[in-house]
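Trainee: I would like to learn how to read a protein model feature by feature. Could we take one from a loop and work from there?

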Amino acid sequence: MRVPRILEVWKLGTVNYLDALKLQERLVSDRRAHRIQDTLLSMQHPPTYTLGKRRTDHNLLIPESEVQTMGAELHYTQRGGDITYHGPHQAILYPIISLRDIGFGARKYVEKLELTMIELASLYGLKACPGQAGETGVWIGDRKIGAIGVRISYGITSHGLAFNIDPDLNYFKHIVPCGITGKDVTSLKRETGIILPAEEIIHEQLISCFVRLFNYSSVTWKENPAILLDNGKTTDICR
């Protein structure tokens, strides 16, 4: 008899990157200790550049002081992947799930994340696909629409994917996105040229694609929960 698999989804709105990082670390610890079930964080960030654990600083094309002048932040992380940008009008999913419980290896997990974004793009008539060898993420032709950077610790995932709905693509001009030269970054808005539905709807469509591809039997929702930080204080989440 198949055991029902339940996913708890947290819809968080706009979250500062460091707050999101601390939240993920706490939830990874809780998931590993079986204090929580599989959890999916849905959010977006203020303008933020992040580097993976390989520390490819040379792919940041401007001085760090200029990043701050632009009103953006720069953070170093322990995820895989190269430098990327997160910002408003992007749909971000951070799965905190046990790969051992679902019987996935790292490769299959990343493939499912790619398919999640590919399926979302198909809802808008776009044919997206995984990148070629050495090209991470999801592409439409030679234009990247979705990025993936994950961390897996003791079989528990964190970090995840970012799908471009309609972010300011000028921010990508200051980096070599994901370390891939000579390729453009695009968005759902740019590729479709249509008036898109409310971004909350697109976020929910992305979540629905994730739920289906990862075979969850039911979903529980947390609408805009307060984040409890390591110091015991809570932080407000913007909608």
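Trainee: In which loop is His 34 found?

Mentor: His 34 lies in the loop between α1 (17-32) and β2 (39-44). Keep in mind that this is a predicted model.

Trainee: Is His 34 buried or exposed?

Mentor: Residues count as exposed over 50% relative accessible area. His 34 counts as exposed because its relative accessibility is 62%.

Trainee: What is there to read in the phi of His 34?

Mentor: Start with the general idea: most residues other than glycine have a negative phi. The phi of His 34 is near 65°, which is a positive value in a residue other than glycine. Asn 215 is another case, with a positive phi near 60°.

Trainee: Where is Asn 215 found, and how accessible is Asn 215?

Mentor: Asn 215 belongs to the loop between α6 and β12. Its relative accessibility is 41%, so Asn 215 counts as partly exposed.

Trainee: Where is Phe 214 found, and is Phe 214 buried or exposed?

Mentor: Phe 214 is in the loop between α6 (199-213) and β12 (218-223). Buried means under 20% relative accessible area. Phe 214 has 1% relative accessibility and therefore counts as buried.

Trainee: Which residues does Phe 214 touch?

Mentor: When reading contacts, set aside the residues up to four places away in sequence. Phe 214 then touches Arg 5, Ile 97, Ile 102, Phe 104, Tyr 109, Lys 112, Leu 113 and Thr 116. Look at Arg 5 in particular: Phe 214 and Arg 5 are 209 residues apart along the chain, and their C-alpha atoms are separated by 9.6 Å.

Trainee: How much of the chain's contacts come from residues 24 or more positions apart?

Mentor: Such residues account for 75% of the contacts in the chain with a separation of 6 or more.

Trainee: Let us turn to the rings. How many aromatic pairs does the count come to?

Mentor: The count comes to seven aromatic pairs. To read one, take the distance between the ring centres and the angle between the planes. Tyr 49 and Tyr 85 form a tilted pair, 5.4 Å centre to centre with 55° between the planes. This pair links distant parts of the chain, since Tyr 49 is in strand β3 and Tyr 85 is in strand β5 (residues 84-86), 36 residues apart. Both Tyr 49 and Tyr 85 are buried.

Trainee: Which aromatic pair is stacked, with 15° between the planes?

Mentor: Phe 210 and Tyr 216 form that stacked pair, at 6.3 Å centre to centre. Phe 210 is buried, and Tyr 216 is buried as well. Ring pairs also link Phe 210 and Tyr 216 into a cluster with Phe 104, Tyr 109 and Phe 214.

Trainee: Which charged end sits over the ring of Tyr 216?

Mentor: The charged end of Arg 5 sits there, 4.1 Å from the ring centre. Elsewhere, Arg 32 lies over the face of Tyr 154, 3.5 Å from the ring centre.

Trainee: Now the strands. In what order do the three strands of the open sheet come?

Mentor: The order is β4-β3-β5, and the pairing is mixed. The edge strands are β4 (73-76) and β5, each of which pairs on one side only. From one strand to the next the twist averages 30°.

Trainee: How do I read a mixed pairing?

Mentor: Take the strand pairs in turn. β3 and β5 run antiparallel and are joined by three bridges. β3 and β4 pair in the parallel sense over four bridges.

Trainee: What does Thr 50 have around it?

Mentor: Thr 50 has a relative accessible area of 0%, so it is buried. Thr 50 stands opposite Thr 84 in β5. The side chains of Thr 50 and Arg 79 are joined by a polar contact of 2.8 Å. Leaving aside neighbours within four places in sequence, the contacts of Thr 50 include Tyr 17, His 75, Asp 82 and His 86.

Note on methods:
Residues numbered from 1 in each chain as written. Predicted model: local features only at pLDDT ≥ 70, side-chain atom pairs only at ≥ 80, totals over all residues. Heavy atoms only, no water. Buried < 20%, exposed > 50% of the residue type's maximum accessible area, 1.4 Å probe, protein only. Polar contact = N/O pair within 3.5 Å; in protein donor to acceptor, adjacent residues only side chain to side chain. Contact = heavy atoms within 4.5 Å. Phe/Tyr/Trp six-rings, centres within 6.5 Å; stacked < 30°, edge-to-face > 60°. Helix = DSSP H or I, 4+ residues; strand = E, 2+ residues; numbered from the N terminus. Lys NZ or Arg CZ within 6 Å of the ring centre and 35° of its normal. Pairing = 2+ DSSP bridges. Axes fitted to C-alpha atoms, helices over the stretch in contact; angles between N-to-C directions.
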